[in-house]
Structures are given as C-alpha cells and as structure tokens.
Amino acid sequence: MSELLKVSQLHFKHSNKKNWLKKPEIFELGPIDLDVKRGETIAIIGENRAGKSLLAKLLVGALKADSGQITLNNQYAPQGVQSTQISHDVRMIFQFSGEAMNPGLPVGKILDEPLRLNTSHNEKERRQLVEDVLIKVGLLREHVYFYRHMLSDGQQQRVALARALILQPKVLVADEPFAALDPSVRSQTVNLILKLQSEMGLAFIFISHNLGIVRHLADRIIVMENGQIVESGKTETIFRWPQHETTKKLILSYQSLVPQQTLR
Amino acid sequence: MAQFSLYQEEFHPSPWQKTWREFRSSHIASLGLMILIFFLIFAIFAPLLAPYDPLQQNVNALFIPPSWNVNGTISHLFGTDALGRDLFSRIVYGCRVTLGSSILLVLLAMIVGVAIGTIAGMLQGVRSSVVNHLFDALMAIPTLLIAIVIVAILGTGLVNSMWAITLALTPQFVHHTRSLVRTEMKKEYVLASKLDGANHFQLFFYSILPNMIEMLVVQGTIALSIAVIDVSALGFLNLGARPPLPELGAMLADGMEVAYAAPWTVALPGLTIFLIVLAINIVGDGLRSALRKRLTQ
C-alpha cells in the first residue's frame with residue numbers, strides 16, 4: 001500500500017496576542033508525524049483541548065502551519081488556504097455540518113461552488129455531477145432546490161458529505177461527523193462512509209469521542225494530548241493494551257459504559 | 001383493494017417566498033405597500049397621469065379650490081395655486097422629484113456604503129477600523145448643516161442637496177455592512193468556501209451577499225424615509241430644489257405665503273409627504289418582522 005499523505009514535523013503555535021492586559025494563552029501543536037495510506041481509516045481521539053480539530057484544520061489547509069510539511073502523493077503540497085491541490089484532494093467535513101451550509105443558498109448552489117471554482121466543466125455537466133453525488137449520498141435529485149432550514153440534521157450531514165465528495169478527493173478529513181446524530185442515522189452514515197470508502201478508495205481521517213464507532217470503523221488510532229500525539233497504533237492493539245495514561249483513561253471510561261456481560 | 005400511488009405534494013418555499021407570505025399576513029404592512037406602490041406609479045408614470053403641465057401658469061384660474069369644495073371644478077381635481085398651476089399635476093410630478101431623487105440617493109449611498117463596509121469587514125485590525133470610521137465625522141454633523149455647507153460652496157439646487165443627503169446616509173450603511181461581513185466571515189460556511197478556493201470577491205458575491213440582502217432591505221427602507229424627509233425639508237428651507245420645480249417641500253414653502261387664503265396649497269403637499277413617509281416606515285417595519293419570523297420555523 002502506497003503512502004498517500006505524509007505529514008512530517010508539523011508544528012503550529014497559537015498565541016492570543018490581541019489582549020495585552022491578559023497573559024497570552026499559548027497553545028502549541030506538534031511536532032506531528034503522520035502517514036496515511038490509500039483506503040485507510042484513521043481515528044483521532046483525545047480529550048477536549050487536545051488539538052484534534054486544529055490538526056484536522058491544518059491537514060486540509062484551513063490554517064497555515066508554522067513549520068513542517070505535508071506531502072500528497074510524494075508531492076510537496078504548499079500550505080495555507082487556496083492551494084488548489086489540497087482543496088482538490090483533501091476535503092473536510094465540519095463539526096457542525098449545519099453551520100457549514102450557507103442559509104441563503106439552495107443545496108444545488110452550495111454543491112456547485114467547489115465544481116465552479118476547481119473544475120472546467122460547463123453548467124450542464126456540473127448540474128449532472130451535483131445530481132450524481134446527491135444520489136450517491138442517499139438524497140434525491142429534488143434536494144437541489146432545498147434550503148438549509150428544510151433539511152434535517154442527518155440530511156445536512158449528507159449534504160456536507162456530498163460537498164466533500166464532489167471533487168472526488170483522495171483523503172476525507174472529518175471533525176466529529178457523528179456527534180449530533182441519533183443512533184440510527186449515525187449508523188446509516190457510518191455504513192454510507194464505509195461503502196463509499198470501498199467504492200472510491202478514500203482515506204478517511206476522523207475525530208470522534210465515540211469509541212464504539214472508532215473501534216468499528218478505524219484501522220488505526222491516534223491519541224492526542226496537549227497538542228502531542230502520545231500514542232498511535234492498530235485499533236485492536238490500542239483497545240486491548242493501552243500504554244499511555246490518557247489512552248488508559250479513555251479506554252477504561254469507554255469499557256465502563258459497555259456492559260461486560262452480554263445478554264443471553 | 002387497489003393499490004394507490006400516493007405522491008407527497010409538499011411545497012417548500014424559498015426564504016424569499018416565506019418572507020413574502022409573512023409580510024402579506026400583516027394587513028397593515030400590505031396596506032402600506034399598496035400606498036407605496038401607488039406613489040411609485042405616480043413617480044414613474046407622472047407624464048401620463050398628470051392632466052396639465054406642472055409649470056404651466058393660468059391667469060384665468062387662480063386659487064380654484066379642490067373639486068370637493070362647492071366652488072371647485074372637476075377640471076382641477078386638487079384646485080390651483082397662486083399662479084394658477086394645477087395642484088394635482090404638481091403633486092404627481094412632486095412624487096417623481098421627491099420620491100425618485102430619494103430612491104436614487106439611497107441606492108447610491110447603499111452601493112458606496114456596502115463597498116466601503118465590505119472592504120472594512122474583510123481587512124483586519126487598524127486598517128479595518130480606519131476604513132470603517134472614514135465617514136464617521138459626517139455623522140456628527142446634521143444633514144441640514146452639511147447641506148448648508150455644500151450649498152454655500154456649490155450653490156443651491158436639488159442635485160447639491162442630494163449629494164449632502166447621500167453623504168449623510170453613507171456611514172450607517174458602512175457600519176452595518178462591516179459588522180455583518182465580520183460576523184459572516186467567522187462562520188463555517190465561509191471557511192468551507194475558502195477551502196474550495198474562493199477568493200475574496202467570490203466569497204463576497206456567492207457566500208455573504210445572499211445573507212446580506214435582508215439587512216440591505218431593512219436599512220434601505222429606514223434610509224429612504226429619512227431621505228424623503230430631508231429632501232423635502234431642504235426644499236422647504238429653499239436650500240434644495242428651487243420653487244418652480246414641483247418638489248413637495250418647495251411647494252409647501254410656496255403655499256405658506258397664502259395659507260390663509262388657500263389652505264389646500266399647504267395641506268395637500270404636506271399630506272402627500274406624510275403618506276409617503278408613513279408608507280415607507282410601515283413597509284420597513286413589516287419587512288423587519290417578516291424577516292425575523294422567517295427564521296423561526
């Protein structure tokens with residue numbers, strides 16, 4: 001399996017300098033090394049304020065890292081917003097998919113935008129692609145005309161997924177994609193992602209607090225604390241033999257929730 | 001039993017259709033809109049609707065009272081003024097001058113204000129602040145005073161008073177646009193568009209502008225009512241439109257001299273100004289509440 005995305009020595013320092021009366025809050029992320037293979041699923045877990053979302057934003061290029069580099073397909077990918085290569089091949093699903101939809105635009109226009117900006121298709125072809133991707137994520141053609149307030153949370157999640165998939169990316173980065181969904185819609189979405197992953201050969205990196213889903217979905221797990229990767233490894237290894245304190249704490253708290261005896 | 005094919009027929013209104021429905025459900029707002037449309041038709045089709053030339057003087061028909069008076073004639077619906085000009089024609093043309101010029105200057109102030117406000121909203125730090133407060137000095141001076149200064153430099157006239165009012169109305173558009181652009185820029189859908197590779201222009205036109213139209217409509221109606229009052233006030237004080245021009249404020253000032261002999265020359269233009277401003281305010285108020293209700297399902 002070839003390496004698709006390679007992150008080496010990524011470093012980011014966030015300091016709140018605006019208010020000179022307060023002691024500046026400094027948050028440091030990294031240095032982070034990460035390899036993603038084709039078709040692989042990686043879960044990022046950790047406590048709040050561990051820098052998980054920040055890492056996700058750095059990966060898709062929403063933020064510019066201070067040092068370190070991201071290589072895509074063994075090509076150096078320049079950092080920062082508006083690098084076409086990254087926006088093409090690494091796509092993001094935001095934490096609150098509802099807020100990532102423009103309330104003043106119908107779904108068709110929202111999905112049309114990435115195509116308009118990144119491809120040279122004409123209007124008819126774009127419309128066809130939009131309809132195709134809507135059907136692929138389990139929505140209907142008519143949803144082109146729908147606005148945000150007419151869609152349920154699950155449907156909004158699907159639109160966010162469609163938006164991420166429409167450019168046929170190689171890597172999908174999702175920030176807590178299942179947090180706001182009820183169990184049945186959640187498992188539908190999980191199955192949908194698994195299906196699309198096997199169809200399209202996507203690498204999928206996601207952040208989650210739900211260790212049940214992590215165990216079900218992920219090939220590998222990364223545990224973060226205070227901006228550092230403290231442990232990483234195969235899912236089953238991490239769940240059975242956690243090494244680091246934080247990992248132990250997370251796994252224990254998960255196991256205490258799961259009933260030890262199965263029902264007969 | 002036969003199998004029925006049931007089709008779910010659901011009507012999903014767009015945000016604008018929903019706003020329109022909310023707006024129509026308020027009777028007062030609809031009435032205000034009707035009055036406003038009535039005056040707009042006057043303004044647009046003035047040459048077709050006015051029975052006489054508004055500047056044509058007629059020595060044989062001085063001070064004819066309105067048609068509902070015992071001494072009035074139907075040939076002059078609202079009577080005539082001191083120079084024998086038909087008051088109805090003058091009011092129809094007056095709507096065109098007062099309301100038309102107000103709409104024009106509000107549009108101009110809106111375009112300039114939104115452009116500056118957007119630049120201020122997209123810039124960061126001190127530069128944003130400087131651009132934002134560029135026109136604030138104008139807010140400290142009342143419109144009338146700015147108008148007097150401009151009139152002192154350029155001379156009186158409708159166009160000069162329009163410049164003064166435009167300058168006075170611009171800062172509030174700048175402020176509202178800037179605060180709206182700033183809050184929108186922080187939202188995730190703008191970040192999502194940025195990740196799609198949108199530059200600042202594309203961000204503004206495709207992501208922010210669709211959400212800005214509501215603010216523009218509400219602010220525009222407020223500015224329009226201020227503009228109508230200011231245009232006619234400057235006309236009344238002889239700082240704006242000069243008397244032969246059928247401007248409602250200037251007509252009011254004309255009539256003041258003969259108010260005892262011919263009260264209708266004052267009352268009718270005054271009533272017109274009152275109705276125009278009232279209609280604009282009612283429509284603005286209705287729009288505001290309709291836009292607010294639209295967000296609650």
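Q: Which residues of chain B does the UniProt annotation "domain: ABC transmembrane type-1" cover?
A: UniProt positions follow the numbering used here, with shortened feature names, and annotations may be inferred rather than shown by experiment. In the unreviewed entry, this annotation covers residues 99-284 of chain B. That span is 82% helix and 0% strand, and its end C-alpha atoms lie 16 Å apart. Helices (H or I, at least four residues) and strands (E, at least two) are DSSP runs, numbered from the N terminus. This is a predicted model, in which local features need pLDDT of at least 70 and side-chain atom pairs pLDDT 80 or more, while totals for chains, interfaces and linings use all residues. Residues are numbered from 1 along each chain as its sequence is written, and chains are lettered from A and ligands numbered from 1 in the order in which they are written.

Q: How many residues of chain A are in contact with chain B?
A: Two residues are in contact if their C-beta atoms, placed from the backbone, lie within 7 Å. Here 25 residues of chain A are in contact with 20 residues of chain B. Helix 3 of chain A gives the largest share of the side of chain A that touches chain B, four residues.

Q: Why does Glu176(A) count as partly exposed?
A: A residue is buried if 20 or more other C-beta atoms, placed from the backbone, lie within 10 Å of its own, exposed if 12 or fewer, and partly exposed in between. Glu176(A) is partly exposed because 19 other C-beta atoms lie within 10 Å.

Q: What is the phi of Glu176(A)?
A: Most residues other than glycine have a negative phi. Glu176(A), although not a glycine, has a positive phi of about 45°.
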